[in-house]
2 protein chains.
Amino acid sequence: MNTHDLIRDLREPAKTKIVLLVADGLGGLPLHSGGMTELETASTPNLDACARDGVTGLSIPVLPGITPGSGPGHLGLFGYDPLEYRIGRGILEALGINFAVGAKDVAIRGNFCTLGADGTITDRRAGRPTNEKNKAAVEKLRTITIPGVELFVEPVKEHRFVLVIRGDGLGDLVNDTDPQAVGVAPLKAAGGDAASQRTAEVVNRFVAEATKVLAPEAPINGATLRGFATYPKIATFADIYGLKAAAIAVYPMYKGLARLVGMDILEPGPTLHGQIETLANVWNDYDFFFLHYKYTDSTGEDGNFPAKVQMIEKLDAIVPDILALKPDVFIVTGDHSTPSKMKSHSWHPVPTLLLSDVCRPDEVVHFNERSCLRGGLGQFYAKHLMLLAMANAGRLGKYGA
Amino acid sequence: MNTHDLIRDLREPAKTKIVLLVADGLGGLPLHSGGMTELETASTPNLDACARDGVTGLSIPVLPGITPGSGPGHLGLFGYDPLEYRIGRGILEALGINFAVGAKDVAIRGNFCTLGADGTITDRRAGRPTNEKNKAAVEKLRTITIPGVELFVEPVKEHRFVLVIRGDGLGDLVNDTDPQAVGVAPLKAAGGDAASQRTAEVVNRFVAEATKVLAPEAPINGATLRGFATYPKIATFADIYGLKAAAIAVYPMYKGLARLVGMDILEPGPTLHGQIETLANVWNDYDFFFLHYKYTDSTGEDGNFPAKVQMIEKLDAIVPDILALKPDVFIVTGDHSTPSKMKSHSWHPVPTLLLSDVCRPDEVVHFNERSCLRGGLGQFYAKHLMLLAMANAGRLGKYGA
């Protein structure tokens, strides 16, 4: 029996509230042998108190050794097996610019390029235009219409844009038209099945029109497309868990991932305090709150160990404001690790704590990588976290008699 | 390759003996933050010695967060994936009254009800009759015969009974006839496939006859049926493990679950000492012994923390009597946790110990929830316990060359 069906069978109504605080890229590494991680270095009295009163462990985002992107990282935390549910690159790109992709959409990553007189590519990135020039070129592409489908073109930055084709029966088994080389012409799109052939026809027509509307102004006089992706078939939070869920995130990508699973997307102020204010304001309106905190990841990506420590301490400082709302289940975790030492996402399991009235406390009194190793949740797959959240919230009945 | 086939391939004959002592609902919770669990509170010198000499861990009955009933809880311990092998409600009800259901049976839960003059239900529980009145009404139902099938009617208690239909080609995709409401007539049974239509016809006839034989005496003048379940297709212990297995349990449900996997059901005296006496008497006749101890669960369900502590201590006291028989593998675990604090089954992993001459001891010297977290078995799925039992008993050969 699949886990989502199991949850649908077992779930019970309740008035309990669950807060999932995702500190992006939370886990880290010591810079040197014998050293401490970012979390071990940071002073986190509030998270430590939660670790003492709650249960801790380490979340494996996908599989041991597998480093997830933000998509699979969050899908796992939301209870969707990230190996089963895959979000195509085009859809992720659209989510990342806060474009509301939907069930009839094929989303595609676009690059402006420079074409020579013979139609071959001379610059795959059209000289990396400014964002202003990108926007102007996007405006030109927006004049293109193709009967039977709706087209949306959105600027990303520099040479990048997003194309969304909306229509019935469109497939995404379409090859990239970007040949990943200069001196050759962009490839024709071809579809791997009937629905994708339909998409390919639209695409080829779009590219031909693009060359016309862009033409006068090299270096932006062509476009290549890649990462064709239809909207994933994915059941919502309400459908699976019976939870009315709200996302309180600042960055578009995370709002988009939350929208994908049917959460309401709130628009908090851009600071952590703004997010907590929003949380307090809507506390009575939802069962589940996804709070996303970006800066543990971005400082890690920058390789800035002290800045990541500082961002962790900043997060720790607002924990009492969340607890003051008296959530029935409070979870702190990350979608993956981002060790400053590596300046990138990593596969290392992510420190996790769960606080509820019926969690079974362990001996852990500090919230960090090494302490959580001794935690009562053990090392568990991220995709199982929502089962624990639901159970601790009194929202899952007994399986079998 | 499925695990049962793997075991069939690898198993080797041996003269070793395995004792699986299941303390029902063993795991618990502290009543208050900073407190101790029932197991941590109890004085358990004998189990602690086993933990010291053996290897410990925590068993996850089904999945993190999933609370099992007794059926899935025991199937897991017996090595059957509880998400793959499901036992229908009717079969469990029949097992619970020690009715020997078999491969040709559809078992059904019945309720006596009160019908008004217009045939609608006025009381879904027929005024909760005494067990004596229940038995008298069951006797009347036993006079019903339907050609082509055998019928068995057994009293449970108050308004509840079990109906078993025995015959060839009967299905269980049949709707409940209990409308779960008063003021409406019982529903007609209908089958979801040809075999189930056959069952539905028998059922509709049975209900019509029941109304006739019960009629004179309201409040017991009707019957509703629900939880239709055929006997699960399940390979036996002998077939999978090559083990001659005996169940030494007091309560019918657990005898029934053991019978389901092909164990011989022994009839011990009603006390723990009676069970151990039976164990000693049949020691030479079997390879595997399933000892079931109910009172760690029932005291937990009652929310009686000190009583559960006492029941744990009582169990601890008989451990030397088991060890005196020199089992090659001695396992103590539970089918799930039943924290007194929750007065119910729960999802929390279950303390487990395994003692054998070839187990790899860990540093754990106390048998309880927090200590077992540091145990050598880690947190493992219950369905894998029998693999460890077989290996430690020298009954599993090498996989591959």
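A crossing of two helices is called right-handed if the near helix is turned clockwise from the far one by less than a right angle. Keep that in mind. The model on the screen is a predicted one.

Let's start in chain B. Take helix H6, residues 131-141, and helix H7, residues 194-214. H6(B) passes H7(B) in a right-handed crossing. How far apart are the axes of these two helices? They lie 9 Å apart, and the packing angle is about 120°. What do we call that arrangement?

Now the residues. From H6(B) come B:Ala137, B:Lys140 and B:Leu141. They meet B:Phe206, B:Ala210, B:Val213 and B:Leu214 in H7(B). By class, this contact has 6 nonpolar residues, 1 charged residue and no polar ones.

Stay in chain B for another pair. Helix H3 covers residues 45-53, and helix H12 covers residues 305-323. Their axes are 6 Å apart, at an angle of about 55°. H3(B) and H12(B) are therefore oblique to each other as well. Which residues make the contact? H3(B) brings B:Pro45, B:Asn46, B:Leu47 and B:Cys50. H12(B) brings B:Asp316, B:Ala317, B:Val319, B:Pro320 and B:Leu323. Sorted by class, that gives 7 nonpolar, 1 polar and 1 charged residues.

Over to chain A. Here helix H6, residues 131-141, packs on helix H7, residues 194-214. The angle is about 120°, and the axes are 9 Å apart. H6(A) and H7(A) are therefore oblique to each other. H6(A) passes H7(A) in a right-handed crossing. On the H6(A) side, the contact uses A:Ala137, A:Lys140 and A:Leu141. On the H7(A) side, it uses A:Phe206, A:Ala210, A:Val213 and A:Leu214. The classes are 6 nonpolar, no polar and 1 charged.

Last topic: the domains of chain A. The domain assignment gives domain 1 as 3-87 + 234-392, and domain 2 as 91-230. So look at the numbering of domain 1: it is written in two segments. The C-alpha centres of the two domains of chain A lie 35 Å apart. How many residues touch across the boundary? In chain A, 9 residues of domain 1 are in contact with 8 residues of domain 2.

How much area is buried between them? About 730 Å², with carbon and sulfur atoms giving 70% of that. In domain 1 of chain A, the residues that lose the most area to domain 2 are A:Ile87, A:Met253 and A:Arg259. Together they make up 55% of what that side buries.

Methods
Residues numbered from 1 in each chain as written. Chains lettered and ligands numbered in written order. Predicted model: local features only at pLDDT ≥ 70, side-chain atom pairs only at ≥ 80, totals over all residues. Heavy atoms only, no water. Axes fitted to C-alpha atoms, helices over the stretch in contact; angles between N-to-C directions. Helix = DSSP H or I, 4+ residues; strand = E, 2+ residues; numbered from the N terminus. Contact = heavy atoms within 4.5 Å. Nonpolar A, V, L, I, M, F, W, Y, C, P; charged D, E, K, R; others polar. Buried area = accessible area lost by both parts, 1.4 Å probe. Parallel < 35°, antiparallel > 145°, perpendicular 65-115°, else oblique.
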